[in-house]
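Subject: Structure handover

Dear colleague,

I am handing over the structure below, and after it you will find my notes on what turned up when I went through it. Please read them with the model open beside you.

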Amino acid sequence: MASGGLPPVVYYRDVESTNDVALALASSGVPEFTAVLADVQQTGRGRLGRSWFSPAGAGLYLSVIVRPEGLDARTPLITLAAGVAVALAIADASDLRVELKWPNDVVIGRPWRKLAGILCEASAVGTSDAVVVVGIGVNLLPAAYPAELADRATSIDRERGVWCDRPIARAGLVAGCIQQLREQVRRLRADETALVLDRWRELGRAGLDGAPVQWTDERGPCRGIAYGLGDDGALLVRHAGRQDRLVAGDVVWERLSRV
Ligand code: BT5
C-alpha cells in the first residue's frame, strides 16, 4: 500500500523479523524509505543479540530502508536521527511527554520505562548498494510482558490511561514514523546535522545534564557523570577526573533507569 506520497509500506501478518524482510527487500532496488510492517514477529531482535518482545497486535513492528548515499561520515548518525524521528512521531500521535535515552530508546516517566526501541542494521557497507535498515518497535497496547520486563516496559495506551478514549491510530503512527525519519535523514543529507542533534539533546536532556551513569568498557565497570551529546553522537561523560566519549554499548542512568 502507498499513502500520502510515502514510498510503499509492505505489510505482513507474521514474520521472523521485519529487519530481515527489509534487508532482503533492499537488495531488490526498492525506493528509499520503503517500509516493512508486521502484526507479529517470531524472533524480533534488539541490539547485541537481545530479543524484542513482539506479541501479536500489541505493538508496531516496522523496518524502514535508508540508503546512506550522500551521508558519508554522517551515516552513523542515522541511529540518533531515528530516535528523534520515533520520539517525535509518538509525541505527535499521542501527546505523551516522551524522552530519549542514549542512544535511541524512547522512554517515559520516572523511573524510565521503555516505550520503543530501535535497531539499525547495515549491509553492503562501502558499496553503492549500501543500506541501513532502521527497525522500530513501539509498544502500542498493554501486553503480558515477560517478568523481567514487567516494570521496565510500557505502552502508549497504558501511558495515556484515562485520557485514552480510543486506541492509538496505528496507521497514523506508521506514517508519522516514516515521515519523521525521512525528514531527519533529509536534514543529515542537507548538512543540517546540528538541527537533528539539538532535537536529540532536547528530548534527552534529563540524561545529559550531570546525570550519574554506569557502564562497562575494557577497563571494567565504570561510573561517571553524563554531561552532553557530542557532535558525532557520542555520550560525553566525566570519569575519574577526565572526559570520556562513549560511542557504543549500554549505559545505566542511576537515578533514571532501573539498575
Ligand atoms: C532495542 O534493542 O531496543 C531495539 C529493538 C528493535 C525492535 C524492532 S521491531 C522491528 C524490527 N525488527 C526486529 O527484529 N527488531 C526491530 P536493545 O536496546 O538491545 O533493547 C533490547 C532490550 O529491551 C531487551 O533485552 C529487553 O530488556 C527490552 N525489551 C524487549 N522487548 C521489549 C518491549 N517490547 N518493550 C520494552 N522493552 C523491551
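The ligand sits in the largest pocket. A pocket here is found on a 1 Å grid over the protein atoms alone, as an open set of points where a 1.4 Å probe fits, with protein on both sides within 12 Å along at least five of seven lines, and a molecule sits in a pocket if more than half of its atoms lie within 2 Å of the pocket's grid points. Two or more residues of the shell around the ligand come from each of α1 (18-26), β3 (59-66), β6 (113-123) and β7 (131-139); these names refer to DSSP runs numbered from the N terminus, with helices (H or I) of at least four residues and strands (E) of at least two.

Please keep in mind that this is a predicted model, in which local features need pLDDT of at least 70 and side-chain atom pairs count only at pLDDT 80 or more, while totals for chains, interfaces and linings use all residues. Residues are numbered from 1 along each chain as its sequence is written, and side-chain values use heavy atoms, with hydrogens and water left out.

There are 26 residues around the ligand, and Ser17, Arg45, Arg50, Lys114 and Asn139 come nearest; a residue belongs to this group if one of its heavy atoms lies within 4 Å of the ligand. The shell consists of eight nonpolar, twelve polar and six charged residues, where Asp, Glu, Lys and Arg count as charged, Ala, Val, Leu, Ile, Met, Phe, Trp, Tyr, Cys and Pro as nonpolar, and the others, Gly among them, as polar.

Some polar contacts (pairs of N or O atoms within 3.5 Å) can be traced in detail. The side chain of Ser17 has an N or O atom 2.8 Å from an oxygen atom of the ligand, and the side chain of Lys114 likewise has an N or O atom 2.8 Å from a ligand oxygen. For Asn139, a polar side-chain atom lies 2.8 Å from a nitrogen atom of the ligand. On its own the ligand has 800 Å² of accessible area, of which the protein covers 93%, as calculated by the Shrake-Rupley method with a 1.4 Å probe.

Next come the strands, which are said to pair if DSSP finds at least two bridges between them. Strands β8 (residues 211-217) and β9 (residues 220-229) run antiparallel and are joined by seven bridges, with Asp217 opposite Gly220, and they form a hairpin with two residues between them. Four bridges then join β9 to β10 in the antiparallel sense, and one of the bridge partners is Leu236 in β10, which faces Gly228.

Finally, there are a few backbone details. Most residues other than glycine have a negative phi, and most peptide bonds are trans. Phe33, however, has a positive phi of about 75°, and lies in the loop between α1 and β2 (35-41). The peptide bond from Trp102 to Pro103 is cis, with omega near 0°, and the bond from Arg110 to Pro111 is also cis, with omega near -10°.

Best wishes

Terms used:
A polar contact is a pair of N or O atoms within 3.5 Å; within protein, one must be able to donate a hydrogen and the other to accept it, and residues adjacent in sequence count only if both atoms are side-chain atoms. On a 1 Å grid over the protein atoms alone, a cavity is a set of points where a 1.4 Å probe fits but cannot get out, and a pocket is an open set with protein on both sides within 12 Å along at least five of seven lines; lining residues have an atom within 4 Å of a point.
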